[in-house]
Amino acid sequence: MPTIAAQISQQLAEDIISGLLPPGEKLEEPALAQRFQVSRTPVREALRLLDARGLIELVPRRGGVVINTSPDQLADMLEALCELESLCCRIATQRMSAMQRRQLELLHEEAESVADKRDAEAYLELNSRFHQLICQGTQNATLVAAVESLRERLAPFRAAQSGVERRFEVSHREHQKIVEAILAGQPEQAYLAMRSHTTRLTLNVMELIQAQRAGKAA
């Protein structure tokens with residue numbers, strides 16, 4: 001169960017991404033505490049989470065200000081994540097332990113039942129673990145840290161496209177190709193499968209965010 005601070009952070013992130021909280025908007029602790037009917041302590045923690053994701057800039061003893069993440073900046077981060085995760089998939093195919101491979105299979109099987117139920121929260125959690133396990137399979141701490149940092153920055157934007165029709169089914173089929181390539185010991189096929197998967201997600205995110213912001217502007 002997410003903490004109160006995490007829930008507040010997620011709601012504010014959604015408001016920022018959709019444009020309800022535009023760039024330059026001040027997020028003041030007293031007003032947010034009143035909005036969410038909580039003390040200022042979880043609000044302060046929520047703002048720190050948003051700052052860590054690069055969505056706001058903290059203002060000492062006051063709150064924060066929404067940062068303008070331009071489409072070009074978002075595209076740059078998504079492109080970098082796409083390439084890094086694809087590289088991780090290639091390396092992990094050669095280095096994953098037998099236990100990690102089995103864990104990957106089990107995660108994929110669990111995700112199938114969750115996708116069938118269209119349980120967005122559970123699927124996103126399993127999806128995150130799936131990608132983390134592949135990165136950890138590289139046995140390269142520097143790569144793992146780089147990918148985790150980017151995934152954290154992009155988490156609100158990527159989560160925003162979870163409602164796209166049939167996303168879970170499509171994502172799961174793409175994961176199947178990734179798993180098959182890894183288990184077969186085919187690094188280039190694994191790289192291409194992951195790159196195809198992350199490229200589609202990148203396009204989905206960009207299209208959805210631009211559509212949301214265009215609708216807000218209209």
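Visitor: How many bridges join E1 to strand E3?

Guide: In this predicted model, three bridges join E1 to strand E3, which covers residues 63-66. The two strands run antiparallel.

Visitor: Which residue stands opposite Gly63?

Guide: Glu28 is placed opposite Gly63 of E3.

Visitor: In what order do the strands form the sheet?

Guide: The order is E1-E3-E2, in an open sheet of three strands with antiparallel pairing. Strand E1 (26-28) and strand E2 (56-59) each have a single partner strand, so they stand at the edges and one side of each lacks a neighbour in the sheet. From one strand to the next, the twist averages 25 degrees.

Visitor: Which helix lies across E1 and E3?

Guide: That is H2, which runs at about 70 degrees to E1.

Visitor: Turning to the domains, how is the protein chain divided?

Guide: The division is into domain 1 (4-66) and domain 2 (71-217). Their C-alpha centres are 27 Å apart.

Visitor: And the largest nonpolar core: which residues touch the most other members?

Guide: They are Leu27, Leu50, Ile56, Leu74 and Phe157, in a core of 32 residues. Elements giving two or more residues to this core include helix H2 (29-36), helix H4 (71-95) and helix H9 (187-217). Domain 1 and domain 2 each supply at least three of its residues.

Visitor: What lies apart from it?

Guide: Another core, of 21 residues, lies apart from the largest one. Its members include Ala92, Ala111, Ala115 and Ile178.

Conventions:
Residues numbered from 1 in each chain as written. Predicted model: local features only at pLDDT ≥ 70, side-chain atom pairs only at ≥ 80, totals over all residues. Heavy atoms only, no water. Core = buried A, V, L, I, M, F, W, Y, C linked by side-chain atoms within 4.5 Å. Buried < 20%, exposed > 50% of the residue type's maximum accessible area, 1.4 Å probe, protein only. Helix = DSSP H or I, 4+ residues; strand = E, 2+ residues; numbered from the N terminus. Domains from an automatic or database assignment. Pairing = 2+ DSSP bridges. Axes fitted to C-alpha atoms, helices over the stretch in contact; angles between N-to-C directions. Contact = heavy atoms within 4.5 Å.
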